[in-house]
Amino acid sequence: MLASLNEQQIRQLETQVVRGDGTAMETLFDLSHGRLSRIAGLRMTDEVHRTMSVSHLLMAARMRAIRRQTEFAVAATRSLFVWLRHILLHTIEVIQKRVASESGCTGWCHWAATPSAFMKSLTEIDREILVLRHFEELTNQETSIITGISPQGVSTRYMNVICELAEADHSVPFSPNSEGVAAYA
Amino acid sequence: MPEHAELVLDGLSTVTTNVDRSRDALEIIASLFLEDHRRVLNPQIEDYARLHRTQAASIRKVFPVLLGLERKREIATARVRQEQFPHSLAITRLGQYQLEPETHRTATTIVYRAIHTRSAGPVIVTVLPWKAADVPRLRLQFERETAIAKRLLHPGIMPVLDVCCDDGYFFFVTPSIAGIDGAALMARFSAGAQRWRCISRDDWAIYAQMGTQLANALSYSHEMGTLHNDIRPGNIFVSRSGSARLLNFRLEQCAQASLRQEFTNNAPVVSLYVAPECLTGCRDERSDVYSLGATLLMMTTQTSDIATTPGRQAAGTSWPRSGRFLRREANRIPRCFAQVLQKSMAADPAKRFSSASEFATALENVGITLTERTRNSVGVRSRVRSWASRLC
């Protein structure tokens with residue numbers, strides 16, 4: 001049912017959210033559940049991961065979003081999804097602070113740990129754009145709201161990072177192992 | 001969700017919905033490519049390069065990197081999905097089907113016995129245990145794979161009766177036939193059972209007959225332009241009467257993606273059922289022939305899980321070793337059968353049977369030979385018995 005909501009219905013629900021309607025917030029959260037769970041999985045640090053599952057984290061974020069929904073009206077963002085994402089990341093941060101005092105949070109999670117050589121060579125903003133645009137699958141518009149760079153700038157920077165990656169040849173994790181195949185034969 | 005834009009492609013303007021001139025032209029094409037890839041449409045880099053000639057060089061350079069990043073994202077997403085695999089689904093009915101307790105689970109599905117409410121007939125319902133809206137790509141993949149199976153009508157292929165989405169859950173329905181899958185059969189025999197229904201542990205002729213049925217089914221699916229891409233004991237259904245059927249056809253790109261995941265894992269144990277050329281991304285009918293040969297060999301020798309037996313664990317640690325391991329296992333079965341299976345599993349595709357139908361014919365001949373041999377030995381045995389009884 002949620003997937004069939006059109007743009008106008010979503011706008012209407014957003015207006016209800018601003019007025020403090022908790023049910024509307026729940027509906028909109030459920031609408032973004034798939035995208036948010038993907039982001040949660042990608043952004044959870046290992047410490048947080050050991051403490052709770054993605055579903056529990058989303059439940060906590062959902063409660064936090066309902067509790068703080070009136071803040072959406074005064075938030076600088078005009079995209080509810082970006083605001084929900086902000087709430088989710090804040091929830092992760094709070095849990096992270098609670099559980100991982102000794103690990104010295106780097107902000108990196110398990111999946112991003114391996115290609116660090118190239119990722120570390122990127123500037124903070126380029127790295128964030130790559131993560132937002134590619135891994136979190138945000139649009140240029142949404143990335144622009146988060147980073148404060150124009151959508152055109154996001155588009156250009158995203159492609160520049162990919163081109164740099166291609167030139168650095170850090171690319172493909174799977175390449176045919178010719179030695180293995182030959183030995184097999 | 002890609003933001004659509006007006007694309008100027010080699011002088012031709014493609015009009016789409018929301019015009020956004022602020023976007024980098026290559027980024028728009030890249031977004032379309034990724035969207036196709038995420039919808040399991042298997043887009044080809046060369047096709048994009050041909051279509052967008054002015055950007056061809058950049059496409060060839062950049063898109064492999066996009067695919068590399070995409071694989072990393074897929075691995076992370078699959079991990080999250082596995083963590084969210086529900087302990088149980090709070091549903092008792094899906095569409096026209098009344099669910100009974102679940103029978104088993106796979107990596108991405110829960111399988112239930114069910115009753116069709118109108119006909120009161122028993123069926124098997126396989127459910128994707130996440131809300132379809134939360135796993136849009138997995139749902140797409142399932143839809144496509146079930147669509148493939150639905151159009152294949154052959155006695156050697158498990159038919160798909162219905163494909164539905166209800167209460168947010170995607171599921172498909174197959175007939176309820178008494179029997180078990182090949183992996184379960186192997187497990188029973190390796191646990192010490194001598195017989196299951198009409199199949200006895202060392203009855204080579206019946207394995208050859210099952211192989212013939214499966215190879216014929218495979219030949220039919222190849223004629224229909226469909227590769228199975230994932231033949232292994234778990235994807236073979238054996239009925240109580242001893243007939244075998246193929247289950248779970250996979251999309252080529254999904255099979256390739258799983259193979260890449262296995263290969264990029266720290267422990268490079270790649271499934272024994274995967275033909276070596278698949279590592280380089282080349283699949284054709286002969287890859288299925290290899291997988292069927294390996295599956296039959298493992299079933300006849302009752303070799304269960306290579307990772308559970310220390311000797312076999314070593315065999316499975318790398319590709320070349322697993323090939324030698326398979327050839328060694330073939331020594332445990334009758335020579336004529338082993339020769340056919342070894343030919344089907346030749347490392348070089350050119351040395352294998354050129355088609356599944358050729359493999360089926362070879363297996364049929366083996367079946368006849370082995371049946372005659374069994375009949376003759378039974379005849380000698382019974383003659384000796386009657387002679388002995390006359391003496392007594």
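## Cysteines

B:Cys198 is partly exposed, at a relative accessible area of 30%. B:Cys254 is buried, at 8%. (Buried is under 20% relative accessible area, exposed over 50%, partly exposed in between, with a 1.4 Å probe and protein chains only.)

This is a predicted model: local features need pLDDT of at least 70, side-chain atom pairs count only at pLDDT 80 or more, and totals for chains, interfaces and linings use all residues. Residues are numbered from 1 along each chain as written, chains are lettered from A and ligands numbered from 1 in written order, and side-chain values use heavy atoms, without hydrogens and water.

Over all chains, the search finds zero disulfides (pairs of cysteine sulfur atoms within 2.5 Å). B:Cys254 is in none; the nearest cysteine sulfur belongs to B:Cys278, 14 Å away.

## Domains of chain A

Chain A splits into domain 1 (2-103) and domain 2 (117-184), with bounds from an automatic or database domain assignment. Each domain gives ten residues to the contact (heavy atoms within 4.5 Å).

Together the two domains bury about 880 Å², 53% of it on carbon and sulfur atoms. Buried area is the accessible area (1.4 Å probe) lost on putting two parts together, summed over both.

## Salt bridges and helices

Five salt bridges are counted between domain 1 and domain 2 of chain A. A salt bridge puts a side-chain nitrogen of Lys or Arg within 4 Å of a carboxyl oxygen of Asp or Glu. A:Arg43 and A:Glu136 form a salt bridge at 2.5 Å, N to O.

On the side of domain 1 that touches domain 2, helix 3 (33-43) and helix 7 (80-99) of chain A each supply at least two residues. Helix 3 of chain A gives the largest share, five residues. Helices are DSSP runs (H or I, at least four residues), numbered from the N terminus.
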